[in-house]
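The points may be followed with the sequence and the model side by side.

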Amino acid sequence: MIGVIGGMGPQAGIDLVQKIINLTKAASDQDHLPIAMLSIPHSISDRTEFLLGKSDVNPAIAISEVICTLSKNGASIIGMPCNTAHAEPIFDEVVKRIPNKVKLIHMINEVSRFIKKKYPSMENVGILSTTGTYISHVYPDCLSQYGLNGIQVSEEIQEKYISPAICSQGYGIKAQSNPVTAQAKKELLKGIEYLTSEGAEAIILGCTEIPLVLTDSHINGIPLIDSTDVLARALILESSPEKLLLK
């Protein structure tokens with residue numbers, strides 16, 4: 001059984017479950033993979049706030065409790081649809097607290113591997129993310145292990161456009177995810193424009209809420225890498241590789 005840690009944010013967890021279903025070879029209900037999702041957002045503190053030092057509560061504690069509950073209900077392969085939660089201070093603490101029998105898929109590593117395999121000649125990869133993911137440098141560090149150069153937006157663009165597009169309580173994706181606002185999309189496109197100007201050959205949608213806004217596979221010929229989609233593929237491959245639709 002695949003386990004999904006929901007609530008980071010709630011819509012991102014649903015999006016992962018939907019993508020697992022969409023990417024599974026199935027001709028009947030019974031052909032689909034078993035999935036358990038637990039979404040208790042009120043118990044998982046903000047990942048970026050913790051990484052910025054604005055909160056002393058490590059979200060890893062609540063995340064690991066969710067994983068333990070999923071494990072007790074039969075899930076042995078776990079997906080965490082939150083890029084920021086893969087920053088080392090959070091992810092490493094989660095790993096310390098969960099059962100050894102559980103396989104927690106590392107989404108950032110899977111995205112890096114996916115790009116290297118699908119675009120072997122690519123060198124420069126842009127990243128759109130939360131500020132927590134941005135300051136932790138988790139994507140550039142992981143991409144470098146695959147010989148890829150990770151390009152992040154400038155601090156000004158991150159603070160002025162990308163972070164508000166995700167987190168603004170007035171128009172951000174976390175506040176309005178269905179439908180998303182035109183303002184959020186406009187500000188994310190500012191980041192795309194910057195990364196393209198810096199030589200990005202592909203752009204990672206490195207926050208699981210961003211694919212809710214940028215739904216196209218390419219923008220101006222530049223591939224957009226949906227981190228949630230990559231995680232869904234990795235979970236299926238780990239669970240039942242013969243079930244993965246090759247798209």
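Predicted model: local features only at pLDDT ≥ 70, side-chain atom pairs only at ≥ 80, totals over all residues.

1. Between S1 and S2 the parallel pairing extends over five bridges. One detail can be located by eye: Gly3 has Ala36, in S2, as its bridge partner.

2. Helix H1 deserves a check of its length. Its 13 residues, at 1.5 Å a residue, should span 18 Å, and the end C-alpha atoms are 19 Å apart, which agrees. Several of its residues are buried, among them Ala12, Leu16, Val17 and Ile20. The buried residues of H1 pack against S1, strand S2 (35-39), S9 and helix H10 (227-239).

3. In soluble globular proteins, nonpolar side chains tend to be buried together. The largest nonpolar core of this model has 32 residues, of which Ile20, Val111, Ile115, Ile204, Ile225 and Leu235 touch the most other members. Elements that give two or more residues to this core include S1, H1, helix H5 (107-118), strand S5 (124-128) and strand S7 (202-205). The largest share, six residues, comes from H10.

4. Which residues does Ile115 contact, leaving aside its neighbours within four places in sequence? The contacts of Ile115 are with Pro120, Met122, Val125, Leu143, Leu148, Ile204 and Ile225. A second, separate core of 25 residues is also found, and it includes Leu128, Ala184, Ile210 and Val213.

5. Most residues other than glycine have a negative phi, and most peptide bonds are trans. A cis peptide bond, with omega of about -10°, joins Met8 and Gly9. Gly9 is found in the loop between strand S1 (2-6) and helix H1 (10-22). The peptide bond from Asn178 to Pro179 is also cis, and its omega is near 0°. Pro179 sits in the loop between helix H8 (155-167) and helix H9 (182-197).

6. Although His137 is not a glycine, its phi is positive, at about 65°. His137 occupies the loop between helix H6 (131-136) and helix H7 (138-144), and is partly exposed, with a relative accessible area of 36%. Asn220, likewise not a glycine, has a positive phi of about 55°. The loop that holds Asn220 runs between strand S8 (218-219) and strand S9 (222-226). With a relative accessibility of 79%, Asn220 counts as exposed.

7. How many disulfides does a search of the whole structure find? The search finds zero. Cys167 is in no disulfide either, since the nearest cysteine sulfur, that of Cys207, is 7.2 Å away. Cys82 counts as buried, at 5% relative accessibility, whereas Cys167 counts as partly exposed, at 38%.

Technical notes:
Residues numbered from 1 in each chain as written. Heavy atoms only, no water. Helix = DSSP H or I, 4+ residues; strand = E, 2+ residues; numbered from the N terminus. Buried < 20%, exposed > 50% of the residue type's maximum accessible area, 1.4 Å probe, protein only. Expected span 1.5 Å × (residues − 1). Contact = heavy atoms within 4.5 Å. Pairing = 2+ DSSP bridges. Disulfide = S-S within 2.5 Å. Core = buried A, V, L, I, M, F, W, Y, C linked by side-chain atoms within 4.5 Å.
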